[in-house]
Structures are given as structure tokens and as C-alpha cells.
Amino acid sequence: MEDFYVTIPYGLVVLAGGVAGYLKRGSAASLAAGVGFGAALLLAGVLSAWAFARGGGGAGAVFGTVLQIVCAVVLTVVMGVRYVKTRKIMPAGIIAAISAIVLIFYVYKVSTGGNKVYTPVSAE
């Protein structure tokens, strides 16, 4: 499974969580963090998909991979610390758990060589 299949839905969940936090509690911090991290993850996913479609590699693929990992690490740590302090499952526990799982996936992808090279099906 290629990383952008995980990154794009993950980015949408983070983005939606930030918007939901703003709508429910009026939290501008939730909105800023959700939109910021969600947009960064969506950008990383699109860069990864674009690099994959072009045959892999390149600066866009490297930047996308680094951005994915940095976002997942930051969200895991920050939301994990918030969960430990507040013991609230929603949103801190959920985002920390999802981010940790996604981070494990990213580490696995990097350790196994990243995305495979895309080979289009020939029209024979």
C-alpha cells in the first residue's frame, strides 16, 4: 500500500477534527492546528501521489515523506501529552492513537524502501 492512500484520509480527519473543535467549542487553536496540520498532510499526500505517478523519487517525494513523518510525530507527541494530562479520549486520545498508528506505517514504508515505482498498464 502506498503512503498517500493513508496520508490523504489522515489529513482529512485532522482537518475535520480542527473544524469540529472550532464549531463545537469555538476553539480558534483547534481550527488553526487542524487546518494547518490537515493542509500539510494533504500537501504531503498529493506530493507523494504525484511523485508516484511520475515514477517515484525526486525532491517532491522526499519533501512529502519528511512532511508526513514530522506531522505524525508532532501530533502523536502533542496530543499524547494532552491525553495524559486531561485523560480525555476525545479529541486528544483519538488523534494521538491514530497519529501513532500512522507513524508506525510511515516508519515501515521508509524502512522497506518507500513507494513502489508506478508502471502503467499497457494498452495491448
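Predicted model: local features only at pLDDT ≥ 70, side-chain atom pairs only at ≥ 80, totals over all residues.
Figure 1. An unreviewed UniProt entry lists residues 59–78 under "transmembrane region", together with residues 6–23, 30–53 and 90–108.

**Figure 2. Residues 6–23, another segment listed in the UniProt entry.** Here too the chain is 100% helix, with 0% strand. The end C-alpha atoms of residues 6–23 lie 26 Å from each other.

Figure 3. The chain is divided into domain 1, covering residues 1–54, and domain 2, covering residues 57–112. Their centres, taken over C-alpha atoms, are separated by 12 Å. Across the boundary, 16 residues of domain 1 are in contact with 18 residues of domain 2.

**Figure 4. The largest nonpolar core.** This core comprises 18 residues, and those with the most contacts inside it are Y10, L41, L75 and Y106. Two or more core residues come from each of the helices α1 (4–25), α2 (28–53), α3 (59–86) and α4 (89–111). Helix α4 supplies the largest share, seven residues. Domain 1 and domain 2 each contribute at least three residues to the core.

**Figure 5. The surroundings of L75.** L75 is among the residues with the most contacts inside the largest nonpolar core. Leaving aside neighbours within four places in sequence, L75 is in contact with Y10, V14, F37, L41, G80, I95, A96 and S99. Two of these partners, Y10 and L41, are also listed with L75 among the core residues that have the most contacts.

**Figure 6. S99, a buried residue of helix α4.** The place of S99 is in helix α4. S99 has a relative accessible area of 0%, and it is therefore classed as buried, a term that applies under 20%. When neighbours within four places in sequence are left aside, S99 is in contact with Y10, A72, L75 and T76.

**Figure 7. The largest pocket and its lining.** The volume of the largest pocket is about 790 Å³. Its lining consists of 27 residues, of which G17, G21, S30, M79 and P91 lie nearest the centre of the pocket. Helices α1, α2, α3 and α4 each give two or more residues to this lining. The largest share of the lining, eight residues, comes from α1.

Note on methods
Residues numbered from 1 in each chain as written. Heavy atoms only, no water. UniProt positions renumbered as here; feature names shortened; annotations may be inferred. Helix = DSSP H or I, 4+ residues; strand = E, 2+ residues; numbered from the N terminus. Core = buried A, V, L, I, M, F, W, Y, C linked by side-chain atoms within 4.5 Å. Buried < 20%, exposed > 50% of the residue type's maximum accessible area, 1.4 Å probe, protein only. Domains from an automatic or database assignment. Contact = heavy atoms within 4.5 Å. 1 Å grid on protein atoms, 1.4 Å probe; cavity = no way out; pocket = protein on both sides within 12 Å on 5 of 7 lines; lining within 4 Å. Points joined across faces, edges and corners; volume = space filled by probe spheres on them.
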